[in-house]
Amino acid sequence: MTRYLAPLVAFAILIPVLMIGLTRDPRELPSPLLQQAAPQFELPSLRDAEQMVGSADFANQMVLLNVWATWCPGCRQEHGFMLELAKSGAIDIYGLNWRDNRREAVRWLETLGDPYVASGFDEDGRVGIDWGVYGAPETFLIDANGIVVHKHIAPLTREIWERDFVPLLSVRGEVQ
Amino acid sequence: MKVLVALVSLLATMSVAVAIDTGQAFDDPELQERYEKIIAEVRCLKCQNQTIKDSNAFLAGDLRREIRRMLEEGLNDEEIAEFLVARYGEFALYRPRLTGKTLILWLAPALLLLGGATVLWRVVQSRMALPIDDDSVEEG
């Protein structure tokens with residue numbers, strides 16, 4: 001009897017494991033930066049190459065860092081929500097303009113609106129690598145102690161914001 | 001047949017003709033060798049089933065550039081692997097390092113082989129116990 005039962009049991013164990021596997025997106029990689037100190041950076045500002053934008057600007061403050069580019073359709077998709085979020089005053093949003101063309105990026109902000117306090121211009125992708133960026137849009141939530149508390153890959157929507165980000169905001173509020 | 005051979009040989013040369021990495025070779029052949037070895041074992045995170053050696057995604061180019069820079073700065077292979085893992089996770093390495101998290105990856109093939117061999121051994125043993133002229137299947 002066991003010779004028939006053993007494969008059946010093995011199969012029964014394997015099925016749920018594979019089922020779980022099917023629901024996961026292999027393109028979404030967990031970031032090793034989570035719960036770690038955010039990488040420091042300083043970049044020329046997108047709008048004004050003379051000015052610098054960097055992690056020093058948002059020390060002691062909870063912020064979003066949004067990785068975007070004009071060549072990225074997902075960034076266009078989430079742009080409306082970014083504007084709404086910035087307008088709501090819930091949180092300051094900084095931009096990391098990743099591997100983009102400065103002129104086109106500025107034009108994008110001027111025609112579509114600019115949700116960012118400031119955007120760093122990461123022309124050669126060096127800062128992107130430090131943040132483990134592999135596909136825009138990516139959005140990091142960095143707390144007032146400079147710790148990366150959440151990372152979202154793919155366009156940000158109101159649903160995702162409320163589900164994944166808002167609880168982290170209130171937790172921090174209690175601590176402080 | 002001759003045409004087929006000719007076509008296949010043509011195909012073989014094609015892959016050589018479309019080298020992805022257009023960067024200049026290192027002056028030091030030893031560095032070049034290490035560079036080639038590393039980029040052939042780092043995953044392109046944008047195009048996940050390619051190495052950064054095979055991929056022309058700009059992220060792969062950026063990572064090649066950083067690895068080049070680190071080699072020039074004299075970092076060793078372990079430090080370069082650490083750089084990548086700290087940013088992209090263990091997944092970035094096609095040859096994962098032996099750590100608690102990746103232990104299963106390294107042990108699984110041996111365990112599976114051992115399990116298969118055990119089953120095979122037991123089946124063979126039980127079959128050998130059968131009389132030679134008995135072709136009925138015995139319950140193990």
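Trainee: In which sense do strand S4 and S5 of chain A pair, and over how many bridges?

Mentor: Strands of a sheet pair through backbone hydrogen bonds, either parallel or antiparallel. Here strand S4 (residues 92-98) of chain A pairs with S5(A) in the parallel sense, over five bridges. Two strands count as paired if DSSP finds at least two bridges between them. Helices (H or I, at least four residues) and strands (E, at least two) are DSSP runs, numbered from the N terminus. One bridge to look at joins A:Leu96 to its partner A:Gly120 in S5(A).

Mentor: Before going on, note that this is a predicted model: local features need pLDDT of at least 70 and side-chain atom pairs count only at pLDDT 80 or more, while totals for chains, interfaces and linings use all residues. Residues are numbered from 1 along each chain as its sequence is written, and chains are lettered from A and ligands numbered from 1 in the order in which they are written.

Trainee: What is the strand order of the open sheet in chain A, and which strands are at its edges?

Mentor: The five strands are ordered S5-S4-S3-S6-S7 in chain A, with mixed pairing. Strand S5 (118-122) and strand S7 (148-153) of chain A are the edges, each pairing on one side only. From one strand to the next the twist averages 20 degrees, where axes are lines fitted to C-alpha atoms, for helices over the stretch in contact, and angles run from 0 to 180 degrees between N-to-C directions.

Trainee: How do S6(A) and S7(A) run, parallel or antiparallel?

Mentor: Strand S6 (residues 138-142) of chain A and S7(A) run antiparallel and are joined by five bridges. A:Phe140 stands opposite A:Lys151 of S7(A). The two strands form a hairpin with five residues between them, and A:Gly146 in the turn has a positive phi of about 80 degrees.

Trainee: Why does A:Asn60 count as exposed?

Mentor: A residue is buried if 20 or more other C-beta atoms lie within 10 Å of its own, exposed if 12 or fewer, and partly exposed in between, with C-beta atoms placed from the backbone. A:Asn60 counts as exposed because it has 8 C-beta neighbours inside 10 Å. A:Ala154 has 17 other C-beta atoms within 10 Å, so it is partly exposed. A:Gly128 is buried because 23 other C-beta atoms lie within 10 Å.

Trainee: Where is A:Gly128, and which residues does it touch?

Mentor: A:Gly128 is in helix H4 (residues 126-130) of chain A. Two residues are in contact if their C-beta atoms, placed from the backbone, lie within 7 Å. Leaving out residues up to four places away in sequence, A:Gly128 touches A:Val67, A:Leu96, A:Trp98, A:Arg99, A:Asp122 and A:Val133.

Trainee: Which residues touch the most other members of the largest nonpolar core?

Mentor: In soluble globular proteins, nonpolar side chains tend to be buried together. A nonpolar core is a set of buried Ala, Val, Leu, Ile, Met, Phe, Trp, Tyr and Cys residues joined through C-beta atoms within 7 Å. The largest one here has 54 residues, of which A:Val63, A:Tyr94 and A:Ile142 touch the most other members. Strand S3 (residues 63-68) of chain A gives the most to this core, with five residues. Beyond its neighbours within four places in sequence, A:Ile142 has contacts that include A:Ala38, A:Phe58 and A:Val63.

Trainee: Where is the kink in H2(A) centred?

Mentor: The kink, of about 40 degrees, is centred on A:His79; the bend at a residue is the angle between axes fitted to the seven residues ending there and the seven starting there. A:His79 is also one of the buried residues of H2(A).

Trainee: How many residues of chain B are in contact with chain A?

Mentor: 15 residues of chain B are in contact with 13 residues of chain A. H3(B) gives the most to the side of chain B that touches chain A, with five residues.
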